[in-house]
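The exercises below ask you to read packing from a model, one step at a time. Keep the structure open beside the text while you work through each solution.

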Amino acid sequence: MSKETRWTENFDVSPDKELGLETSIAARFARLFSMKMVEYDDEKFAKTENIDPEALNAYLSARKIWRVRDLGRVSEMSLLLKRVNEREPNWAFAKSANAESLLMDDFIVTNYDKAETIANKALEMDAKQFGALTVLGQVAVNRDWQFAAAENYFKQSIELNPNYASTYNEYAKLLSYQRNFAEAERMAKKDLEIEPFSQLYHTTLCEIY
């Protein structure tokens, strides 16, 4: 029987850490397994539309980078989304993805103004763009400190798609800012029910605690 290499990767682990290598490999494999085996709602919706195959593949690749918040691949993600926009300039899902990508690092230098503009454009194309609504909620929280408006955006997004983990994560952050920790915990656990392998969502839950 011939042997085939299906996966290879390098690991840097301190030799004084007991089970460090095994833990690192297991954690990495769990993430890879979840990313390959789980198809998320935004991906499912995208595949139902009549989209150029190359644009769809670029979109799905960009979304996987966004989903794990791999900051080392931001440039790659931007190029992928640029390719999508060139081939499908009127695709609302791509517009929403672009807006979400601008908020990936969640730092103060994030381009909230541009993200807001693109999110509104996506909603003009398709009022059911739950990702774009989540972006507007993030802008309302982090740039404008308009908590009531942000909550309204998050609730609209959840109503449109109750299985979109990112909305629950951002809503949980808002609730924790308001010191509503019990409800924030409930929201944070909801996004982990949807994406149990997400390091970001586990981090949010820890911050709430």
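**Exercise 1.** Why is α9 largely enclosed by the rest of the structure?

*Solution.* Bear in mind that this is a predicted model. Begin with the extent of the helix: α9 covers residues 165-177 and spans 19 Å from its first C-alpha to its last, close to the 18 Å expected at 1.5 Å a residue. Next, apply the cut-off for burial, which is under 20% relative accessible area. Twelve of the 13 residues of α9 are buried, so the helix is largely enclosed. Just after α9, R179 takes a positive phi of about 65°.

**Exercise 2.** Identify the residues that touch the most other members of the largest nonpolar core, and find which elements contribute to this core.

*Solution.* The largest nonpolar core has 21 residues, of which L56, Y59, M77, V84 and W91 touch the most other members. Two or more residues each come from α3 (53-67), α4 (74-87) and α5 (92-101), and α3 gives the largest share, eight residues. Taking L56 as a test case and leaving aside its neighbours within four places in sequence, one finds it in contact with A46, K47, I51 and W91. Another core, of 19 residues, lies apart from the largest one and has I158, A172, Y201 and L205 among its members.

Key: Residues numbered from 1 in each chain as written. Predicted model: local features only at pLDDT ≥ 70, side-chain atom pairs only at ≥ 80, totals over all residues. Heavy atoms only, no water. Core = buried A, V, L, I, M, F, W, Y, C linked by side-chain atoms within 4.5 Å. Buried < 20%, exposed > 50% of the residue type's maximum accessible area, 1.4 Å probe, protein only. Helix = DSSP H or I, 4+ residues; strand = E, 2+ residues; numbered from the N terminus. Contact = heavy atoms within 4.5 Å. Expected span 1.5 Å × (residues − 1).
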